[in-house]
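I opened the model today to look up its sheet and its pocket. My entries follow.

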Amino acid sequence: MKEGPSKQQQQQQQATNEATPTSSDTEQPFSHLNHQGDGVSMVDVGHKAVTRRIATARSSVIFPPEVLSAFQLLTSQDKGRRSSEMIGPKGPIFETAKIAGIMAAKKTSDLIPL
């Protein structure tokens with residue numbers, strides 16, 4: 001015999017139902033907030049299909065001359081393209097930043113649980 005949802009599951013579902021906007025409630029766009037906007041709850045996304053997502057980012061970094069003078073500039077030729085890398089006391093600056101960005105992206109679900 002199959003048991004019904006647990007008390008915790010019922011409370012989560014009730015919180016989700018209370019936080020989910022209705023067609024007449026267009027002022028409440030976030031399903032994880034209650035109607036007053038001050039209560040937060042987890043949202044059940046178990047019914048959603050798995051999707052593949054890709055993110056692309058680009059940045060421009062402009063350093064003042066006094067910062068640039070603190071680093072060594074290494075220029076290389078790769079696949080017909082000339083590139084420069086700033087080398088600091090602990091290694092390549094931008095390569096280290098790329099690794100940090102990838103590591104941060106992988107931790108997003110831990111840092112932003114809702």
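I took two strands as paired if DSSP finds at least two bridges between them. Helices (H or I, at least four residues) and strands (E, at least two) are DSSP runs, numbered from the N terminus.

The model is predicted, so local features need pLDDT of at least 70 and side-chain atom pairs pLDDT 80 or more, while totals for chains, interfaces and linings use all residues. Residues are numbered from 1 along each chain as its sequence is written, and side-chain values use heavy atoms, without hydrogens and water.

Sheet. I found an open sheet of three strands in the order S1-S2-S3, with antiparallel pairing. S1 and S3 (91–92) are the edge strands, each pairing on one side only. S2 and S3 pair over two bridges, and Gly 88 stands opposite Gly 91 in S3. H3 packs on the sheet and touches S2 and S3 (contact: heavy atoms within 4.5 Å).

Hairpin. I counted seven bridges between S1 and S2. Ser 76 stands opposite Ser 83 in S2. Two residues separate the strands of this hairpin, and Lys 79 in the turn has a positive phi of about 55°.

Pocket. On a 1 Å grid over the protein atoms alone, a pocket is an open set of points where a 1.4 Å probe fits, with protein on both sides within 12 Å along at least five of seven lines; lining residues have an atom within 4 Å of a point. The largest pocket is lined by 18 residues, and Ser 83, Ser 84, Glu 85, Glu 95 and Lys 98 lie nearest its centre. S2 gives the largest share of that lining, six residues.

Terms used:
Axes are lines fitted to C-alpha atoms, for helices over the stretch in contact, and angles run from 0 to 180 degrees between N-to-C directions.
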